[in-house]
Amino acid sequence: MWKLSYLLASLHFDEWSEWGIRSQIEPIIKLAKTLRKQRDGILHWFRSKMTNGFPESINGLVQAAKRKARGYRNINNFIAMIYTNVNKLDVKVAPH
């Protein structure tokens with residue numbers, strides 16, 4: 001399916017999900033219904049060829065900054081820590 005054009009992939013996806021729902025195998029039915037709910041997002045890949053890997057990696061860096069920023073006094077320090085992590089800056093913090 002992943003080598004097909006958008007139009008053919010959407011037809012293949014619809015055909016498979018219909019088969020899955022008719023399959024009478026409960027886990028397959030559940031999977032087909034779940035995938036059908038995400039149909040537009042799944043098929044969007046065929047147009048953009050982009051995954052959510054990059055935004056997920058940025059989110060991971062933001063979450064790491066959030067862990068490091070515990071105990072900071074205000075939101076500005078948290079935002080500064082996010083920029084530090086996302087930009088991979090090596091900032092030495094002076095002792096208090």
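This is a predicted model: local features need pLDDT of at least 70, side-chain atom pairs count only at pLDDT 80 or more; totals for chains, interfaces and linings use all residues.
**Exercise 1. Describe how α1 packs against α2, and state which residues meet**.

Step 1. Two packed helices are described by the angle between their axes and the distance between the axes.

Step 2. Helix α1 covers residues 6–22 and helix α2 covers residues 26–37. Their axes cross at roughly 145° and come within 7 Å.

Step 3. The handedness of the α1 and α2 crossing is left-handed.

Step 4. On the α1 side, the contact is made by Phe13, Asp14, Trp16, Ser17, Glu18, Trp19, Gly20 and Ile21. On the α2 side, the residues are Ile28, Ile29, Leu31, Ala32, Lys33, Leu35 and Arg36.

Step 5. Sorted by class, the contact of α1 with α2 consists of 9 nonpolar, 2 polar and 4 charged residues.

**Exercise 2. Determine how α1 is oriented relative to α3, and list the contact residues**.

Step 1. The axes of α1 and α3 are 9 Å apart, and the packing angle is about 150°.

Step 2. Angles over 145 degrees count as roughly antiparallel, so α1 is roughly antiparallel to α3.

Step 3. α1 passes α3 in a right-handed crossing.

Step 4. From α1, the residues in contact are Tyr6, Ala9, Ser10, Phe13 and Asp14. From α3, they are Arg39, Ile42, Leu43, Phe46 and Arg47.

Step 5. The contact of α1 with α3 divides into 6 nonpolar, 1 polar and 3 charged residues.

**Exercise 3. Find the salt bridges of the structure and say how they are linked**.

Step 1. Side chains of opposite charge can pair when their charged atoms come close. The cut-off to apply is 4 Å between a side-chain nitrogen of Lys or Arg and a carboxyl oxygen of Asp or Glu.

Step 2. The structure has 2 salt bridges.

Step 3. One of them joins aspartate 14 to arginine 39, with the closest N and O atoms 2.7 Å apart. Aspartate 14 is in helix α1 and arginine 39 is in helix α3 (residues 39–48). This pair links distant parts of the chain, its members being 25 residues apart.

Step 4. Aspartate 40 also forms a salt bridge with arginine 39, where the closest N and O atoms are 3.8 Å apart.

Step 5. Asp14, Arg39 and Asp40 are therefore linked in a network of salt bridges, given the bridge criterion.

Step 6. Aspartate 14 is partly exposed at 24% relative accessibility, and arginine 39 is partly exposed at 22%. Aspartate 40 is exposed, with a relative accessible area of 61%.

**Exercise 4. Characterise glutamine 24 and arginine 22 by location and accessibility**.

Step 1. Glutamine 24 is in the loop between α1 and α2, whereas arginine 22 is in helix α1.

Step 2. The phi angle of glutamine 24 is near 65°, a positive value in a residue other than glycine.

Step 3. The threshold for exposed is over 50% relative accessible area. Glutamine 24, at 74%, is therefore exposed, and arginine 22, at 56%, also counts as exposed.

Step 4. Arginine 22 and alanine 32 are 10 residues apart along the chain, and their C-alpha atoms are separated by 9.6 Å.

Methods. Residues are numbered from 1 along each chain as its sequence is written. Side-chain values use heavy atoms; hydrogens and water are left out. Axes are lines fitted to C-alpha atoms, for helices over the stretch in contact, and angles run from 0 to 180 degrees between N-to-C directions. Helices (H or I, at least four residues) and strands (E, at least two) are DSSP runs, numbered from the N terminus. A crossing is left-handed if the near helix is turned anticlockwise from the far one by less than a right angle, and right-handed if clockwise. Contact means heavy atoms within 4.5 Å. Ala, Val, Leu, Ile, Met, Phe, Trp, Tyr, Cys and Pro count as nonpolar, Asp, Glu, Lys and Arg as charged, and the others, Gly among them, as polar. Buried means under 20% relative accessible area, exposed over 50%, partly exposed in between (1.4 Å probe, protein chains only). Angles under 35 degrees count as roughly parallel, over 145 as roughly antiparallel, 65 to 115 as roughly perpendicular and the rest as oblique.
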